[in-house]
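Please read them with the structure open.

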Amino acid sequence: MKRFGLIGFPISHSLSPALFRAGYGEKWGRDYYYDLIRGDDFGASYGKFIGCYDGINVTAPFKEKAFSHADAAEPGCAEIGAANLLLKTGNGIYAYNTDYYGVRMCIGKAMHDLGMTGKTSSALVVGCGGAGKAAAAAASGLCRETIIVNRSREKAEAFAQRLKDREITILGMEDFRDCFRKAEIVIHTLPAVPGILDGLAPEDFASGGERPHGKIILEANYRDPQFPGLLKRIAQNENRHTCLPEYIPGTEWLLQQAVAGFEIFTGEHPDEDAMAEVAGQARALPV
């Protein structure tokens, strides 16, 4: 039986065990097992992985340390400089970042559904924490230009140095609304901070490009999302300037990164419907 788990702190409310158990189906406890590796010390948690597990997911605050302990990393993970999955292989420990895959799956599907073939013009990534870095790395592979707005421009500029071959622009939060208006894809990775979205008006949601559709908006926050309420108010006051966006909730990002992790761990495709049912329960969890 192969054994997988999650390290990070705190992880008591993590959905990962339930997601993977749903994906395993009848193979749970027979071919595969998944549990929480509790503890606030990275060294101790990593040691348990080395001694007892075939692979682990990694959450905050251990992602950068996990990356530094790997023997090799897939390209997206290397661009980000942080890992949320480590896998034992015949050639050592290999690092992945499934948040990167999750963004590519979510945005790529929405682009396909809207007929957005090839690279679209611009993407806006709001925030440059762990999720924001994964989003920027993924978006910059899909778009001609990616803009990151962040409270700390220095932090975002340091990260952008890892993506030297990409068209990356770093701006401050004061430029948020102007960038939002122009972008065709918006990936919002900040927590529920009051006031950030308050200045947006219906005309800001029209497509930033020449296509007739609205924007694609992916929101990372799945426990306390900010866009559904805003979009409901926009729809109620719709005018000729408004073209409602294709909104992708954070639960879809959660699902797609988990599916990617399942496939990396096992080499199999999971029961995605069962995993989607678990991911849909995420908003009911404590914030």
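1. Helices and strands here are DSSP runs, numbered from the N terminus; a helix is H or I with at least four residues, and a strand is E with at least two. With that numbering, Pro 61 falls in the loop between strand 3 and helix 3. The model is a predicted one, and the points below should be read accordingly.

2. Cis peptide bonds. In general, most peptide bonds are trans. The bond from Ala 60 to Pro 61 is cis, with omega near 5°. Another cis peptide bond joins Phe 9 and Pro 10, where omega is about -5°. Pro 10 is located in the loop between strand 1 and helix 1.

3. Six strands form an open sheet in the order 2-1-3-5-6-4, and their pairing is mixed. The edges are strand 2 (32-36) and strand 4 (72-73), each of which pairs on one side only. In general, strands of a sheet pair through backbone hydrogen bonds, either parallel or antiparallel.

4. Strand 1 and strand 2 run parallel and are joined by five bridges. One of the residues to look at is Phe 4, whose bridge partner in strand 2 is Tyr 34. How much of strand 2 is buried? Four of its five residues are, so strand 2 is largely enclosed by the rest of the structure.

5. Strand 4 and strand 6 (residues 92-96) run parallel, with two bridges between them. Ala 73 has Ala 95 of strand 6 as its bridge partner.

6. Asp 71. This residue sits in the loop between helix 3 (63-69) and strand 4. Is Asp 71 buried or exposed? Its relative accessible area is 55%, and residues over 50% count as exposed, so Asp 71 is exposed. Apart from neighbours within four places in sequence, Asp 71 is in contact with Asn 91, Gly 92 and Ile 93. The C-alpha atoms of Asp 71 and Tyr 94 are separated by 6.0 Å, although the two residues are 23 apart along the chain.

7. Helix 2 on the sheet. Helix 2 (residues 42-52) lies across strand 1 (2-7), strand 3 (55-58), strand 5 (85-89) and strand 6. The angle between helix 2 and strand 5 is about 35°.

8. Ser 16. Ser 16 belongs to helix 1. Its relative accessibility is 14%, so Ser 16 counts as buried. Leaving aside neighbours within four places in sequence, Ser 16 is in contact with Leu 6 and Tyr 34. Tyr 34 is also the bridge partner of Phe 4.

9. Helix 1 and helix 11. Helix 1 (residues 16-24) packs on helix 11 at an angle of about 155°, with the axes 7 Å apart. The two helices are therefore roughly antiparallel to each other, and their crossing is right-handed. Ala 18, Leu 19, Ala 22 and Gly 23 of helix 1 meet Ala 274, Met 275, Val 278 and Ala 279 of helix 11.

10. Helix 10 and helix 11. Helix 10 (residues 250-266) and helix 11 (residues 272-279) pack at about 140°, with their axes 9 Å apart. That angle makes helix 10 oblique to helix 11. Helix 10 passes helix 11 in a right-handed crossing. On the helix 10 side the contact is made by Thr 251, Leu 254, Leu 255, Gln 256, Ala 258 and Val 259, and on the helix 11 side by Glu 272, Met 275, Ala 276 and Ala 279.

11. Strands 8 and 9. Strand 8 (residues 143-149) and strand 9 (residues 168-171) run parallel, joined by four bridges. Ile 147 stands opposite Thr 169 in strand 9. In general, side chains in a regular strand alternate between the two faces of the sheet. In strand 9, Ile 168 and Ile 170 make up the covered face, and Thr 169 and Leu 171 the uncovered one.

12. Cysteines. How many disulfides does a search of the whole structure find? It finds zero. The sulfur of Cys 128 has its closest cysteine sulfur in Cys 179, 14 Å away, which is too far for a bond. Cys 128 is buried, at 2% relative accessible area. Cys 143 is in no disulfide either, and its nearest cysteine sulfur, that of Cys 179, is 14 Å away. Cys 143 is buried as well, with a relative accessible area of 3%.

Conventions:
Residues numbered from 1 in each chain as written. Predicted model: local features only at pLDDT ≥ 70, side-chain atom pairs only at ≥ 80, totals over all residues. Heavy atoms only, no water. Pairing = 2+ DSSP bridges. Contact = heavy atoms within 4.5 Å. Axes fitted to C-alpha atoms, helices over the stretch in contact; angles between N-to-C directions. Disulfide = S-S within 2.5 Å. Buried < 20%, exposed > 50% of the residue type's maximum accessible area, 1.4 Å probe, protein only. Parallel < 35°, antiparallel > 145°, perpendicular 65-115°, else oblique. Left-handed = near helix turned anticlockwise from the far one by under 90°.
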